[in-house]
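Subject: Structure handover

Hello,

Here is the structure I promised to pass on. My notes on it follow below.

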Amino acid sequence: MKIAIAGSGALGSGFGAKLFQHGYDVSLIDGWEPQVTSIQQEGLHIDINGSMYHFDIPMYRFSQIPQSEVYDIVFLFPKSMQLKHVLEDIQPHLHNQTIIVCTMNGLKHERVIRNYVEEYRIVRGVTTWTAGIDKPGRTHLMGSGPVEIGSLVPEGKDNVKVVVDILNKAELNGVESDNLHQSIWKKICVNGTANALCSILECNLATLNDSSYAKNLIYQLTQEIVHVATTDDVYLNVDEVFEYLINLNEKVGPHYPSMYQDLIKDHRKTEIDYINGAVAQLGKENNIPAPVNAFVTNLIHSKENQLNAQ
Ligand code: NAD
């Protein structure tokens, strides 16, 4: 079975490393030149939960995947705004049963992916593994998962089982979600509050919790997200979710969310349009107002402009 990691930055290289470590025929594919060159020349150096590993995993540029490479499973790990390009580049290397796995953050990626493969071949989900790039070719993967996945249509259930099995053999902790949309929306509640607010306020999660004004913003964002989630038949209790988020922020207090790292530290463009922006957009499509999510989206874009984020 041939597996491709399409987008091998932080999380992609982490998943690739775990699969490679457990004997899978896996190739990393990426478009960021420093990452590609470093891994091609020196292999991937990765810290997995405090232990250092070095793997000589095949690494290709998207523009240089050998013609003979055809993949049975493709894990998508670009940033959301790169998804369409990545699918264009990988398409010649799919066969008519290739399974596409997408556990990226953000809403409605399936609307893009289904332009390339039938819906039953898409395995969608979320993960709580965390990963980062220390410098090109040197990354870290932390946590224990899970990777909660499910199918968008009943015909896709067998594909979910195949992927759960692979994830578990690679000790990535795959779980079949009993309510895929709920799993996705719960993750949106986490990303849609902490990511944007910590980036705007330039603070960590503990500091966010210290301010009653910031907590009030977390509540308002959550309230809108929970309301818009009903369009996917997901019914969450706003007070329960809010309490969960506040406890989570407390637990991982010193942590700076990935959007902060990308935008404030590295001046990179963010996935805001696929998180808060997507909530506002879906709300608009369904006549559910989500003005705080729209406001926060505009603030993050303003900050991207201010920092000349690329
Ligand atoms: P990433 O930014 O590390 O990698 C995405 C792409 O950006 C890769 O092509 C990578 O090589 C490139 N890249 C990385 N650093 C760069 C830089 N400084 N300049 C230019 N290009 C650079 O993304 P990720 O964190 O692996 O996330 C992939 C997807 O998984 C996203 O949808 C993200 O929201 C989701 N996700 C990430 C984590 C995490 O802990 N990293 C956790 C859960 C979900």
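Which residue has a polar backbone atom 2.8 Å from an oxygen atom of the ligand? Ala 131 does.

First, the ground rules. This is a predicted model, in which local features need pLDDT of at least 70 and side-chain atom pairs count only at pLDDT 80 or more, while totals for chains, interfaces and linings use all residues. Residues are numbered from 1 along each chain as its sequence is written, and side-chain values use heavy atoms, with hydrogens and water left out.

**The ligand**

Back to the ligand. A backbone N or O atom of Ala 10 lies 2.9 Å from one of the ligand's oxygen atoms. Glu 271 uses its side chain: an N or O atom there is 2.6 Å from a ligand oxygen. Taken alone, the ligand exposes 800 Å², and the protein buries 86% of that. Accessible areas come from the Shrake-Rupley method with a 1.4 Å probe; for residues, only the protein chains shown count as cover.

Helix H1 (10-21) and strand E9 (130-135) are the elements that give two or more residues to the shell around the ligand. E9 gives the largest share, three residues. Helices (H or I, at least four residues) and strands (E, at least two) are DSSP runs, numbered from the N terminus.

There are 19 residues around the ligand, each with a heavy atom within 4 Å of it. Leu 11, Asp 30, Lys 79, Ala 131 and Glu 271 come nearest. By class, the shell has nine nonpolar, five polar and five charged residues. Here Ala, Val, Leu, Ile, Met, Phe, Trp, Tyr, Cys and Pro count as nonpolar, Asp, Glu, Lys and Arg as charged, and the others, Gly among them, as polar.

Asp 262 sits in helix H10 (residues 258-265). Is Asp 262 buried or exposed? Asp 262 is buried, because its relative accessible area is 11%. The cut-offs: buried is under 20% relative accessible area, exposed is over 50%, and partly exposed is in between (1.4 Å probe, protein chains only). Leaving aside neighbours within four places in sequence, Asp 262 is in contact (heavy atoms within 4.5 Å) with Lys 79, His 267 and Arg 268.

His 267 lies in the loop between H10 and helix H11 (276-285). With a relative accessible area of 34%, His 267 is partly exposed. Its phi is near 55 degrees, a positive value in a residue other than glycine.

Most residues other than glycine have a negative phi, and most peptide bonds are trans. Lys 108 has a positive phi of about 65 degrees, although it is not a glycine. Lys 108 is in the loop between strand E7 (94-102) and helix H4 (109-113). At 17% relative accessible area, Lys 108 is buried.

Then there is a cis bond. The peptide bond from Gly 145 to Pro 146 is cis, with omega near 10 degrees. Pro 146 lies in the loop between strand E10 (138-142) and strand E11 (147-151).

**Loop residues**

Ser 177 is in the loop between strand E12 (174-176) and helix H6 (180-201). It counts as buried because its relative accessibility is 11%. A polar atom of the Ser 177 side chain lies 3.3 Å from the backbone nitrogen of Leu 180. Beyond four places in sequence, Ser 177 touches Glu 148, Ile 149 and Ser 183.

Asn 204 is in the loop between H6 and helix H7 (205-210). Its relative accessible area is 13%, so Asn 204 is buried. The side chains of Asn 204 and Thr 207 make a polar contact at 2.8 Å. Not counting residues up to four places away, Asn 204 touches Cys 198, Gly 253, Pro 254, His 255 and Tyr 256.

Thr 230 is in the loop between helix H8 (212-229) and helix H9 (238-251). At 25% relative accessible area, Thr 230 is partly exposed.

Best wishes

Conventions:
Polar contact = N/O pair within 3.5 Å; in protein donor to acceptor, adjacent residues only side chain to side chain.
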